Amino acid sequence: MDLIYRERKEFIALASTRKVAVYDTGNLESVLSDVKNYVEISNIVCDDFWQWGGEVMGFTKKSPHSLKDNDFVVLITSPYYAYAVEESLVQLGVHDVFCYGFFTEHLNRSFKIGFGTRFMQGKTSLLKGKDSTCMFVALTNRCNCHCPFCSVRYKLNDNDTACNIPLEIYKKLLRDVKGVYVHGRYVDTIGLDGNREFFMYPEFAEALKETKRNGFSSQINTNGVLLTAENARLAMINGVTELKISVCGISPEVYSKHQGYHSGKNAEMFAQKQLNLVIENVRNTIQIRNELGSRTQIAISYLLDDSSREQLKDAVIFWKQVGVDFFWGNPYYPYSEEGEYIGAVEKKLQTLEACFQFFVATNGDLSPCCGAGYCERIIVGNVFDKTFGELIRTEQFNSFYENLASLEENHMNPICIECMSRLA
């Protein structure tokens, strides 16, 4: 029977002989206050893993994965995303699902039918804000620079040869990810870089078109060297919402140290030519964006360390004059809007929004974060072996998030502990 027509009396009848779980999608406390008077509740579950282990009215919130293959009757608290939640529960082996917000006494008939539409229930993936998240995909692990700080170098140094994800496999990945509901969110944006150089991918134009064709927004992180006018135009007409250019310093001395030209007698000369090229490419990209009337955001990702920090203020002023929309730095080196260095921050464990993101390496390994730094060593499955929808129901995937949610160092992955050691 359709979720919208399942009523309180049927729920009570089934709940009298079965275990009951309440699925928090909002309005939890008022629902608990009501239903605990006539059914015995065994589990409270929610999508946001940062809430797992938290207490509410004497109950401990758990992962939806705790319901897998158990004989639960599940009551979803509110209409929002009820159909998406129901689908995820069926995939976990739960079939008796009700929605408290759909009971007749809570919504009149016409309103219930209105909420029954798939779009209003979040069946499409194009939802914004905290309803959605990003999956970064390393279509290639090639790069035209050899930056000494690069988080990818350790892989290549471990005899991981340069390679690309075949376009047909990328197309399949897009189909697999589309509409999958995980942690209360949909993947609606694809990050086409994965800390490599996206424009080194031989079929990058087709990849952009396929991403748009499947209904995803996309963002690109590039070092700017290959951000030609043609490539910038291709990106914008194919739905790229953000172009982020990684650059370090605004002098050849600092740029050469970080962007791959840190040795040799002609290092600074080559660095100056390349830095000038990047600046010209960014200016041209802004001009093309304005001519097209595109909403693509153009940002500078400023690579910060002790040497580049000295040029931070000048860099902020310079790139604002060029006309970029945003200037991103490093939370380890906090600074004001004017580029003034603030000082060291106290490091402590915190919850991060980035933990809701995912990363796919060129070999298909799935990591539970944006893939920046050594967190690519955390692997929770492989999207070439199983679909994304299958992976999110595995013990390997869910146990990682349960340990992460604990914020206890003896349970968490050591890489996550270091990653989250920044200002809360």
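This is a predicted model: local features need pLDDT of at least 70, side-chain atom pairs count only at pLDDT 80 or more; totals for chains, interfaces and linings use all residues.
Colleague: What is the angle between H8 and H10, and how far apart are their axes?
Modeller: Helix H8 (residues 229–237) packs on helix H10 (residues 267–292) at about 40°, and the axes are 9 Å apart. The axes are lines fitted to C-alpha atoms over the stretch in contact, with angles from 0 to 180 degrees between N-to-C directions. The helices themselves are DSSP runs of H or I, at least four residues long, and strands are E runs of at least two, numbered from the N terminus.

Colleague: Which residues make the contact?
Modeller: From H8 you have Ala229, Ala232, Arg233, Met236 and Ile237, and from H10 Thr285, Ile288, Arg289, Glu291 and Leu292. Contact here means heavy atoms within 4.5 Å. By type, the contact of H8 with H10 has 6 nonpolar residues, 1 polar and 3 charged. For those classes, Ala, Val, Leu, Ile, Met, Phe, Trp, Tyr, Cys and Pro are nonpolar, Asp, Glu, Lys and Arg are charged, and the others, Gly among them, are polar.

Colleague: And what about H10 with H12, what angle do they make?
Modeller: About 40°, with the axes of H10 and helix H12 (residues 312–322) 10 Å apart. So H10 and H12 are oblique to each other. Ile279, Val282, Arg283 and Ile286 of H10 meet Phe318, Trp319 and Val322 of H12. That contact of H10 with H12 divides into 6 nonpolar residues, no polar ones and 1 charged.

Colleague: Switching to H6. Which of its residues are buried?
Modeller: In helix H6 (residues 167–177), Leu167, Tyr170, Lys171, Leu173, Leu174, Asp176 and Val177 are buried. Buried means under 20% relative accessible area, exposed means over 50%, and partly exposed is in between, using a 1.4 Å probe and protein chains only.

Colleague: What covers them?
Modeller: The cover over the buried residues of H6 includes strand S7 (132–137), strand S9 (185–192), helix H7 (204–213), strand S14 (358–360) and helix H13 (388–391).

Colleague: How do H6 and H7 pack?
Modeller: At an angle of about 15°, with their axes 10 Å apart. That makes H6 roughly parallel to H7. Leu167, Tyr170, Lys171 and Leu174 of H6 meet Glu206, Ala207, Glu210 and Thr211 of H7. The contact of H6 with H7 splits into 4 nonpolar, 1 polar and 3 charged residues. After H6 comes Gly179, with a positive phi near 80°.

Colleague: Which residues other than glycine have a positive phi?
Modeller: Among them are Asp69, with a phi of about 55°, and Leu407, also with phi near 55°. Asp69 is in the loop between strand S4 (59–62) and strand S5 (72–76), and Leu407 is in the loop between helix H14 (395–406) and helix H15 (414–419).

Colleague: Is Asp69 buried or exposed?
Modeller: Asp69 is exposed, at 59% relative accessible area. Leu407 counts as partly exposed at 30%.

Colleague: Where does Glu242 sit, and what does Glu242 touch?
Modeller: Glu242 is in strand S11 (residues 240–247) and is buried, with a relative accessible area of 16%. Leaving out residues up to four places away in sequence, Glu242 touches Ser218, Gln219, Ile220, Thr296, Gln297 and Trp328.

Colleague: Last one: how many helices and strands are in the chain?
Modeller: The protein chain has 15 helices and 15 strands. Of its 424 residues, 54% count as buried.

Definitions and conventions: Residues are numbered from 1 along each chain as its sequence is written. Side-chain values use heavy atoms; hydrogens and water are left out. Angles under 35 degrees count as roughly parallel, over 145 as roughly antiparallel, 65 to 115 as roughly perpendicular and the rest as oblique.
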